[in-house]
Amino acid sequence: MAKNDIARYFKNIKDAVATIFEGMTVTCSHFVRKPYTIQYPDRVPVRIQDTLPFRYRGILEVDLEICTGCLACERACPIDCIVIDAPKDQKTKEMLLTRFDIDIAKCMYCGLCSEVCPTGSIHHTTEFEGADFSLESMIRRFVKAPVVAYKAKKEGETDPVVAPILERGMRYIQEFAEPADMKKLKAEQKSAAA
Amino acid sequence: MQPFIDRLIANGAFAGMPVEVVYALMMILFGVLVVFGFFLPIAGVTSWLERRVWARIQSRIGPNRVGPQGFLQWLADGIKLLLKEDIVPDAADRPLFLFAPYFVVWGIVATFVVIPFSSSLIIADMNVGILYLTAVTALVVVGVLMAGWASNNKWSLIGGIRSAAQIISYEIPASLALLPIVLLSGTLSTQGIIAAQGWAPWHWFAFHNPFTFIAAFMFYVAALAEGNRTPFDIPEAESELVAGFCTEYSGFRYLLFFMAEWGNLYVIGAVATLLFFGGWQVPAWTSNTVLLNISQFGVFFLKSYFWVFISMWVRATLPRVRVDQLMILCWKYLVPIGFMNLIGTAIWMVVWPQGNRVVQYGLVILTVAVLVQFSRRVRFHLRRARPELYYSPAI
Ligand code: SF4
Ligand code: SF4
């Protein structure tokens with residue numbers, strides 16, 4: 001017992017010296033490693049926004065050109081930060097978008113709205129610098145003047161202006177709302193049902 | 001400095017003034033000079049360098065915006081703290097609370113009386129220098145305990161008590177570590193101890209015999225603990241006590257505590273250097289006294305700062321010890337080893353009164369071997385991790 005204690009005493013000393021030595025070598029090797037710090041915002045080679053992935057959930061944006069006015073996003077939002085007014089035009093019987101507001105101050109970037117959007121009109125951007133001086137100014141109002149809601153065409157989009165936007169929207173939906181494993185899951189469910 | 005002033009008096013520089021007044025004036029002058037010309041900048045620059053060193057170890061950059069490489073960060077921080085409101089809690093013991101930080105700074109600054117800068121630059125070469133040094137640093141305990149008690153805050157009180165327990169405990173191993181040196185040099189005067197060593201490593205007391213070799217490291221550990229430095233910073237353990245004894249402080253008084261801490265780092269380095277690592281000793285390369293003194297100052301400063309650097313590095317490496325571990329380390333390990341060193345050195349002096357050359361060379365070679373092994377391990381870690389390398393200290 002006593003002998004063990006003495007042995008442990010010297011082992012403790014040896015361990016202390018050896019482990020401190022080893023620890024110091026590890027930290028010493030860090031002196032010549034390159035720091036990882038990104039010196040946001042002014043000393044960066046490219047804007048941080050440009051380095052973020054396509055699926056990054058930043059501040060929301062709406063492409064009114066392809067918004068169908070289906071209100072799916074408004075219903076999906078758990079905290080009601082999207083407000084859409086889409087009355088029917090009495091004369092032309094077309095749906096008009098007269099108001100499309102997103103309150104960025106309330107938004108929690110959950111992504112539910114962009115998951116349900118059929119055209120990828122409402123989508124997250126890589127922009128994240130949203131700070132402002134009043135809550136009022138945090139509300140993004142996308143409708144400047146009433147626009148006619150988008151209607152999907154059977155033969156596919158041909159308008160040279162709208163086509164690329166729609167293409168981007170569909171790509172966004174594919175990448176954002178339906179990740180690869182979700183597709184696999186759906187396929188599995190289908191095969192299970194069959 | 002006294003011989004210098006005596007010479008001035010003899011030359012009639014202060015004709016008509018009583019000698020005591022001249023001494024008093026000179027004391028104040030040198031005090032102000034050392035505090036504002038050396039202590040403050042050193043404490044400030046150390047605070048900046050420390051943050052940079054940790055940053056590099058943690059793969060960060062650290063302060064780099066104020067001045068070149070952030071060098072003036074310490075000035076910015078100092079000015080910021082000076083301009084902040086100095087809050088005194090309602091329930092605090094007002095006079096004690098206000099006075100406590102001065103005690104802490106006092107205890108550190110007063111050590112500069114006996115810490116030499118070169119062979120003729122020293123404020124007072126007291127014949128009880130080392131004793132004075134250990135005695136005056138004990139003032140820090142008073143200040144810390146006062147701060148902890150007067151804050152009327154449980155965190156502060158626990159921090160203060162812990163600090164008192166720690167500093168008083170570690171005074172013993174620290175003193176035991178410097179006693180072998182007193183034996184060897186036969187004097188308590190700091191200049192005398194340095195004069196007993198030589199410029200070459202094998203003339204340093206650290207390499208005089210195996211016991212002093214151990215004592216050197218023991219002293220460093222004990223001094224770090226006395227200075228409340230990580231891994232012994234339990235009095236201000238952030239994760240347990242918010243900020244320990246300085247929880248309630250703000251503004252200028254808070255600044256004083258940290259100035260004392262960083263100034264103390266240099267004091268630790270300087271005392272270790274003068275006791276164990278040859279002090280300001282340089283080879284007699286010139287007969288010009290001024291040049292010689294400048295080189296001595298440089299050598300002493302570099303050696304001292306080397307230890308400051310090591311303490312930053314240690315702080316970034318080792319985790320904080322627990323209170324019980326701290327006490328175990330002191331009473332079960334350092335104190336017995338300290339006695340062993342003391343007795344061992346005494347026996348050594350009886351056996352080899354002139355010192356043993358072979359052992360001295362051997363210890364120096366051993367140190368070099370340890371350093372070589374160290375660099376091999378560092379290279380091993382670099383090889384294994386394959387990091388992106390970046391050698392320049394500036395970013
Ligand atoms: S991201 Fe979430 S919280 Fe924000 S608008 Fe969309 S659904 Fe609402
Ligand atoms: S943004 Fe998308 S989900 Fe929302 S109304 Fe328009 S089309 Fe529907």
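Reader: In strand 4 of chain A, which residue is the bridge partner of A:Val83?

Author: This is a predicted model, where local features need pLDDT of at least 70, side-chain atom pairs count only at pLDDT 80 or more, and totals for chains, interfaces and linings use all residues. Residues are numbered from 1 along each chain as its sequence is written, chains are lettered from A and ligands numbered from 1 in the order in which they are written, and side-chain values use heavy atoms, with hydrogens and water left out. Strands are DSSP runs (E, at least two residues), numbered from the N terminus, and two of them pair if DSSP finds at least two bridges between them. Strand 2 (residues 82–85) of chain A pairs with strand 4 of chain A in the antiparallel sense over 4 bridges, and the partner of A:Val83 there is A:Asp101.

Reader: How many residues of strand 4 of chain A are buried?

Author: Buried means under 20% relative accessible area (1.4 Å probe, protein chains only). Strand 4 of chain A spans residues 99–103 and is mostly covered. Of its 5 residues, the number buried is 4.

Reader: Which residue stands opposite A:Asp103 in strand 6 of chain A?

Author: Strand 4 of chain A and strand 6 (residues 139–141) of chain A run antiparallel and are joined by 3 bridges. Opposite A:Asp103 stands A:Ile139.

Reader: Which side chain meets that of A:Asp42 in a salt bridge?

Author: A salt bridge is a side-chain nitrogen of Lys or Arg within 4 Å of a carboxyl oxygen of Asp or Glu. Chain A and chain B have 2 salt bridges between them. At 3.1 Å, N to O, the partner of A:Asp42 is B:Arg65.

Technical notes: Buried means under 20% relative accessible area, exposed over 50%, partly exposed in between (1.4 Å probe, protein chains only).
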